[in-house]
Amino acid sequence: MVALFATIVELVTLGGVACLCYLIALSVYWYYYVSGIMLSISLFVLLRPWKKCSREVIGKKTMRAGIYDLSTQSGFSVVEEQSVPTYGPKDVIVKVITAAINPVDYKVVIPALPFLRHITSHIAGRDIAGVVLAAGDKVTNFKVGDHVYGNSYGGALAEYTVADSTQLGRCPTNLSWQETAGIPVAGLTGYQVFHKNGLKFGDRALIIGASGGSGLIGVQVAKAMGAYVVGVCSTRNIDLVKAMGADEIIDYTKPGYQKQIAPQSLDFIYDVVSSPEDPDQEPWARPLLKPDAASPYSKINGSIGEWLRALLKMTLKIDVQRRGFDLHLVQPNSKDFNDLTQLIEKAKITIPIDCELNLDNEGIRQGFDRQKSRRAKGKIIFNITPDYTPLRETES
């Protein structure tokens with residue numbers, strides 16, 4: 001399942017042609033399926049524009065970084081001699097101030113993936129907040145000195161990283177560096193799900209997994225869009241979820257919690273819990289949707305079949321997903337990031353932080369142990385450059 005998810009992420013990055021090759025190969029033989037993926041990715045790597053070295057901009061050849069390391073118990077370690085990144089004409093070099101991690105960062109272990117481990121960054125993480133140090137020749141939306149956040153394909157847990165300029169947004173003026181780093185995956189996923197699937201003012205929305213990083217931000221985004229929000233969480237997290245704006249709580253530790261909401265009374269369901277490793281929430285939650293609900297049952301994880309159908313719909317616009325269902329894979333882009341920034345500033349949305357850690361071996365072990373425990377109440381943040389000027393001061 002992990003290898004499949006990594007393949008999906010890579011193919012979405014490559015686009016529809018690679019996806020088509022993937023599906024054709026899969027329909028023939030597994031051997032040709034693997035060969036087709038390797039060929040597609042090889043061509044992509046070989047045909048990428050020539051990249052510039054960032055050593056002159058950064059002022060040194062190496063940097064501190066948190067990398068995947070299969071020789072350690074946690075699967076990660078911090079090194080001091082990681083090469084600084086290169087960048088292409090549409091990329092920017094970012095001095096990372098803070099970074100956040102997500103479950104996908106430990107579920108997709110790059111060094112364990114055949115072939116991909118040779119061409120993909122071994123630096124862990126994708127969520128960053130930082131300052132632009134250099135911009136490629138074709139970058140038009142950012143300049144040196146801009147404060148940005150978003151998705152970094154060069155890895156997040158490093159002093160410096162490279163990112164596609166079209167997958168970054170400007171930092172909100174009402175958040176700290178630490179809060180801003182927690183936005184990209186968790187915040188943008190909920191924002192895109194609600195907008196794509198038509199959440200409207202006055203809708204009754206159920207958020208399953210409301211006390212996690214994605215759930216807590218999702219509660220606030222849904223409230224900012226005018227929804228009546230019902231959050232599902234455990235007893236110990238009720239106060240936290242209510243503080244984020246939930247109008248009603250379902251405590252899943254109580255007997256009969258599935259019957260707390262009347263059948264066919266909801267307009268929207270956002271499920272951030274169901275996955276191949278966790279119980280499927282859809283059997284008890286779907287009957288709560290109104291028969292004429294315009295919005296589908298929305299999840300952020302699913303079965304192999306659901307992922308393949310989602311991939312077809314995303315890249316080739318072929319909709320073979322089952323009716324009334326949506327499996328959403330976040331699609332980082334500057335427009336949505338900037339729209340989300342405006343919503344955060346207008347609604348004064350906060351990003352709950354579970355803990356802040358330093359980028360060292362103890363910090364990276366604690367961070368991923370906490371992420372794997374599934375008990376984090378908010379985002380796990382790494383302070384990469386802890387002595388940098390506070391974001392609110394630099395934006396004022």
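## Briefing: contacts, rings and strands in a predicted model

Of the contacts in the protein chain (heavy atoms within 4.5 Å) between residues at least 6 apart in sequence, 72% join residues at least 24 apart. This is a predicted model, where local features need pLDDT of at least 70, side-chain atom pairs count only at pLDDT 80 or more, and totals for chains, interfaces and linings use all residues. Residues are numbered from 1 along each chain as its sequence is written, and side-chain values use heavy atoms, with hydrogens and water left out. The protein chain has 14 helices and 17 strands; these are DSSP runs numbered from the N terminus, with helices (H or I) of at least four residues and strands (E) of at least two. Buried residues make up 54% of the 396 residues in the protein chain. Buried means under 20% relative accessible area, exposed over 50%, and partly exposed in between, using a 1.4 Å probe and protein chains only.

**Strand E7 and its partners**

- All the way along, E7 is covered: 5 of the 5 residues of E7 are buried, so the strand is largely enclosed by the rest of the structure.
- On one side, E7 pairs with strand E6 (residues 127-135) in the antiparallel sense, over 5 bridges; two strands count as paired if DSSP finds at least two bridges between them.
- E7 also pairs with strand E9 (residues 168-170), again antiparallel, over 3 bridges.
- Tyr 149 in E7 shows up in both pairings: Ala 129 stands opposite Tyr 149, and Tyr 149 stands opposite Gly 169 in E9.

- Ser 152 sits in the loop between strand E7 (147-151) and strand E8 (160-164).
- With a relative accessible area of 0%, Ser 152 is buried.
- Leaving out residues up to four places away in sequence, Ser 152 touches Gly 125, Arg 126, Ile 128, Thr 161, Val 162 and Ala 163.
- For Ala 163, the C-alpha atom is 4.4 Å from that of Ser 152, though the two residues are 11 apart along the chain.
- For Val 162, the backbone oxygen is reached by the side chain of Ser 152 at 3.0 Å.

**The parallel sheet**

- There's an open sheet of 6 strands in the order E12-E11-E10-E13-E14-E15, and the pairing is parallel.
- Strand E12 (248-251) and strand E15 (325-327) are at the edges with a single partner strand each, so one side of each has no neighbour in the sheet.
- From one strand to the next, the twist averages 20°.
- Strand E14 (residues 297-299) runs parallel to E15 and is joined to it by 3 bridges; Lys 299 has Leu 327 in E15 as its bridge partner.
- Helix H8 (residues 213-224) lies across strand E10 (204-208), strand E11 (228-233) and strand E13 (268-271), and runs at about 170° to E10. For that angle, axes are lines fitted to C-alpha atoms (for helices over the stretch in contact), and angles run from 0 to 180 degrees between N-to-C directions.

**Aromatic rings**

- The whole structure has 7 aromatic pairs. Rings of Phe, Tyr and Trp (its six-membered ring) pair if their centres lie within 6.5 Å; planes under 30 degrees apart count as stacked, over 60 as edge-to-face and the rest as tilted.
- Phe 76 and Phe 368 are a stacked pair, because their ring centres are 3.7 Å apart and their planes are at 10°.
- That pair links distant parts of the chain, with Phe 76 in strand E3 (residues 76-83) and Phe 368 in helix H13 (residues 361-373), 292 residues apart.
- Both partners are tucked away: Phe 76 is buried at 5% relative accessibility, and Phe 368 is buried at 0%.
- Ring pairs also bring in Tyr 68, making a cluster of Tyr 68, Phe 76 and Phe 368.

**Thr 189**

- Thr 189 belongs to helix H7 (residues 184-196) and is buried, at 6% relative accessibility.
- Not counting residues up to four places away in sequence, Thr 189 touches Pro 184, Tyr 270, Ile 300, His 328 and Val 330.

- Most residues other than glycine have a negative phi.
- Gln 264 isn't a glycine, yet has a positive phi of about 55°; Gln 264 lies in the loop between E12 and E13 and is partly exposed at 48% relative accessibility.
- Lys 348 also has a positive phi, near 55°; Lys 348 is in the loop between helix H12 (334-347) and strand E16 (353-358) and is exposed at 63%.

Key
Polar contact = N/O pair within 3.5 Å; in protein donor to acceptor, adjacent residues only side chain to side chain.
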